[in-house]
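Trainee: I am new to this structure. Could you show me how to read its features?

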Amino acid sequence: MQNLRRFSQGIFLILFLFLFLQTESKGKDELGYPVKIFLDFDPLILTTTILSAHAAAKAFYLSIITIIATILFGRVFCGWVCPLGTLNNIVGSFKKWRSNAIDRDWYRVKYYILIFLLVSSIFSLQLVGIMDPISLLIRSLSVSIYPLFNYSTRAVFDSIYSSDIKGIVNVSESIYSVLKKSVLSFQQPFYVQSAFIGILFLLILGLNLVEKRFWCRYLCPLGAFLGILSRFSFLKRSVSEGCTSCGACDNVCQGNASPDKKEEWRDTECFYCWNCDDVCPQNAVSFGFFKKRAAAAMDLGRRRVITSMASGIIAVPLLRANPLSKSEFVHARLIRPPGSLEEKEFLKRCVKCGECMKVCITNGLQPTILEAGIEGIWSPILIPKIGYCEYRCTLCGQVCPTGAIKRLGIEEKAKVKIGLAMIDKGRCLPYAHAKPCIVCEEVCPTPKKAIWFEKAKVKDRDGKEFIVQQPRVDLELCIGCGICEAKCPVVDKPAIYVTSIGESRSKENRLLMDGY
């Protein structure tokens, strides 16, 4: 069973990584099977989305399969499927473990985290994506690890190419060509929080050198959710009278379930890895359906549970008692992807998985810091200076697992406004310096240009008069895609920039109200 479990873990990890690599544009405005399918099977995100938004994407109901599997077989998702759990296993195997001599009582922490997340979601605060293992893994790979891998790989092959050593260069270019067609991204992605998110992820993996599967044992809210469901599982573990309490099972237990304590073992912490069955010298351990199971009571402590619930309630006003929560306050640079729901509804659904950022073909979608408050940290924001919203691209809506970004057709997307371009006359070349420039109008993608010119007579320093074309923005036609800002030749601080005003998703964030 141990070998079968390892095979299962390997298959699901490879599948996850394959789908992750497929979650990017291949030259067409459609994706096959993005990695969001793993999120679709995540029952914790389904639960918190229903609690916070009172709705969920249809695909999310696939997570009912995970719930049924847990009730039938226990926490098999944690032990046999979860890609983050598999990575934790791999890192933990780098250290030789003599025994589980330290019996930490921290396993309750993940249940307190779960209670906090569930209670806060009841009051419409969606924070689960920060700690959900699947969302965390996708975000960490998308924003940090994968860009780092791309950058390092390209740097190595660029160095070999620069060496101009015949023979080696030919071989390296052949290998590089294969990598570009398989695992490397089309272009090098860059993200503003890449280092910070990467350090957090590496810290989570590094904790496995303190104790194997540290995250899974003590911090994972999805593990806690499945642990509660596993209390009702049909597949049960039993220990015969032949047990000599040698402790061999405790040394190989992945979930800190205390299997050596017989009737006091923690069934909610069992990953059903079968290690205890495989290693038992007396063959005293067995798993079977409908067996009588002796297990320790799940005692989380009434006071701590109440504290966790109170913390979830208090977190709502604590995180929202700021100007961002006022309907009349608008953050000019909070430009959401096309198809995004109204801001409050968007935050109720977005789980900060980062898939929309990964598929953005211009690299314009970046993780927020505090533009949307702490509640919206790591949610997507368009930064036109880094990359604009491609006019005929709808990939972000295709990969969003929760419906925070609606899936739009090309024609529908072309009508969606995500902001409005503004001209800084103090920096614009035709206005401020009497220099001809028509870049913003040339790159404007709308069929009828949203940027048009007004001819003006200007004078140079010597008093010589000549005509320049000064750009103007059509409020009705501009969709706020940001290509004009991205391509503006005034590179330090563009003379034309996009703000969120005029976005289709908001009735309040308008430059001109109806009737004006």
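Mentor: Start with a cysteine. The sulfur of cysteine 273 lies 6.1 Å from the closest cysteine sulfur, in cysteine 253, which is too far for a bond. A disulfide is a pair of cysteine sulfur atoms within 2.5 Å. This is a predicted model, in which local features need pLDDT of at least 70, side-chain atom pairs count only at pLDDT 80 or more, and totals for chains, interfaces and linings use all residues. Residues are numbered from 1 along each chain as its sequence is written, and side-chain values use heavy atoms, with hydrogens and water left out.

Trainee: Is cysteine 273 buried or exposed?

Mentor: First, the scale. Buried means under 20% relative accessible area, exposed means over 50%, and partly exposed is in between (1.4 Å probe, protein chains only). Cysteine 273 has 8%, so it is buried. Cysteine 243 has 23% relative accessibility, so it counts as partly exposed.

Trainee: Now helices. How long is the reach of helix 10?

Mentor: Helices (H or I, at least four residues) and strands (E, at least two) are DSSP runs, numbered from the N terminus. The expected span of a helix is 1.5 Å times one less than its number of residues. Helix 10 covers residues 168–182, 15 residues in total. From first C-alpha to last it reaches 21 Å, close to the 21 Å expected.

Trainee: Which residues of helix 10 are buried?

Mentor: An α-helix has 3.6 residues a turn, so residues three or four places apart point the same way. In helix 10 the buried residues are Val169, Ser172 and Tyr176. Seen down the axis of helix 10, they fall within an arc of 65° (taken from the directions from the axis to the C-beta atoms). So they line one face of helix 10. The face turned away from that buried side carries the exposed residues Asn170, Val171, Val178 and Lys181.

Trainee: What covers the buried residues of helix 10?

Mentor: The cover includes helix 9 (133–163). Contact here means heavy atoms within 4.5 Å.

Trainee: How do I read two helices that cross?

Mentor: Axes are lines fitted to C-alpha atoms, for helices over the stretch in contact, and angles run from 0 to 180 degrees between N-to-C directions. Under 35 degrees counts as roughly parallel, over 145 as roughly antiparallel, 65 to 115 as roughly perpendicular, and the rest as oblique. The axes of helix 6 (residues 83–92) and helix 11 (residues 194–206) come within 9 Å and cross at roughly 60°. Helix 6 and helix 11 are therefore oblique to each other. Leu84, Leu87, Asn88 and Val91 of helix 6 make the contact with Phe201, Ile204 and Leu205 of helix 11.

Trainee: At what angle do helix 7 and helix 13 cross?

Mentor: Roughly 95°, with their axes within 8 Å. So helix 7 and helix 13 are roughly perpendicular. Among the residues that meet are Leu114 and Leu117 in helix 7, and Phe225 and Ile228 in helix 13.

Trainee: What should I look for in loops?

Mentor: Check phi. Most residues other than glycine have a negative phi. Arginine 213 has a positive phi of about 55°. Its place is in the loop between helix 11 and helix 12 (214–218). Asparagine 283 also has a positive phi of about 55°. Asparagine 283 sits in the loop between helix 15 (275–279) and strand 2 (285–289).

Trainee: Are arginine 213 and asparagine 283 buried or exposed?

Mentor: Arginine 213 is buried, at 1% relative accessible area. Asparagine 283 is exposed, at 64%.
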